[in-house]
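Biologist: Please take a close look at one part of this protein, a pair of packed helices, and then place it in its surroundings.

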Amino acid sequence: MAKPVWIKHALLATLKGQAGPRSGAAMSELGIIEDGSLWLEDGIIQAVGTTDDLALTYGGRSGEAEVVDAAGRLVTPGLVDPHTHVVYGGSREGEFEKRLQGVSYMEIMNAGGGIHATMRMTREASEEELYDQSRKRLDAFLVHGVTTVEGKSGYGMDLETEMKQLEVMKRLNAEHPIDLVPTFMGAHAVPAEYKGREDEYVDHLIEKMLPKAAGLAEFNDVFCERNVFTPEQSERILEAGKRYGLTPKIHADEIVSYGGAELAAKVGAISAEHLLKASDEGIEAMAAAGTIACLLPATALYLREEAAEGRKMIDRGVAVAVSTDCNPGSSPTVSMPLVMNLACISMRLTPAEALAAATYNAACAINRQDRVGSLETGKGADVVLWGVHSYQELQYLFGVNHVESVWKNGERVVG
């Protein structure tokens, strides 16, 4: 049994506030406690308050605890990454060079590269090889302050490999400190063997894959994009997933405006991802439906595209989360601190909004807000101590990993 942990003299950004996804002004309410303190025990946050308050209750037990003097440094909830493709085989660094030479992402994909290349490498990899490669990525996430990660399948696009990816996620979730939340994404692309028979693949996915995925995944995602899946095909897949208890997510309006944001609202998706080209009508529909916009500024940077209009979305009442989109082709990064920086620089979020988007709203995007995403009594003891003295400084000093210590379920796993 781990010792209790008493963190004191911290600048606590608790993120305590309204329940459910936060939009508008609520995204700037960080629940700051000056000279704040936490007591972590049995994997749970047992108390949150000022250092003086906790000293009255727990001071007599300080001898049995790991006592951490934060000395005024920032303490936040563990970061939550709500959109990754963390389990995959191989690498695609050669495509990076091609894009720098002017070849577009979709040109590479249509020529058999991109998602199709990773599909081949993931199909060929053994479960053990996928486990080892993905575990290293989760180790790197942890060092960057991330304690909960969503992971998508979608690099198999056949029953065997999709299930292999989901089984690896199940094992990683059990054996790695990070909580790994599984999403089925058999609708990531149409595999080459179904080229020209796209509707047949949709039928196969619905009839053969979804029933099996329902026992391993919580969410069902689809890449609704021109030359990938049409809005009509995407709606069929997402509605079928709902019948198996899988909550809809959707890759929407990344390359062109294609009605993905509107579809997300229509099917009641918990989140819509990417949204670089989302229409004003789609943004309004998402705000009305309560669909979270999961924005991926590192992907836009890596593909040299204009980032999604995060400022507009917040101003129009959409709850915004941010993510690395960790994947081998368009965002091979695990740095949520960098993503927060980019959310400010390229999408005009404020430092407070960026932190809320990477913690509480990110937890809402994967239905984990009752467990993580804020520092509140009774929640999981996922905590990060940063080597800065304000939340503004965390975003101001960009491109640097300021993590000093990380606790997962009350155990120090970094630092």
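Modeller: Helix H5 (residues 127–143) packs against helix H6 (residues 159–175) at an angle of about 50 degrees, and their axes are 10 Å apart. Helices here are DSSP runs of H or I, at least four residues, and strands are runs of E, at least two, numbered from the N terminus. Axes are lines fitted to C-alpha atoms, for helices over the stretch in contact, and angles run from 0 to 180 degrees between N-to-C directions. H5 and H6 are therefore oblique to each other; angles under 35 degrees count as roughly parallel, over 145 as roughly antiparallel, 65 to 115 as roughly perpendicular and the rest as oblique.

From H5, Glu-127, Glu-128, Leu-130, Tyr-131, Ser-134, Arg-135 and Leu-138 meet Lys-164, Glu-167, Val-168, Arg-171, Leu-172 and Glu-175 of H6 (contact means heavy atoms within 4.5 Å). These contact residues divide into seven charged, five nonpolar and one polar. Asp, Glu, Lys and Arg count as charged, Ala, Val, Leu, Ile, Met, Phe, Trp, Tyr, Cys and Pro as nonpolar, and the others, Gly among them, as polar.

Over residues 74–413 the chain is 43% helix and 17% strand, with the end C-alpha atoms 18 Å apart.

This is a predicted model: local features need pLDDT of at least 70, side-chain atom pairs count only at pLDDT 80 or more, and totals for chains, interfaces and linings use all residues. Residues are numbered from 1 along each chain as its sequence is written, and side-chain values use heavy atoms, leaving out hydrogens and water.
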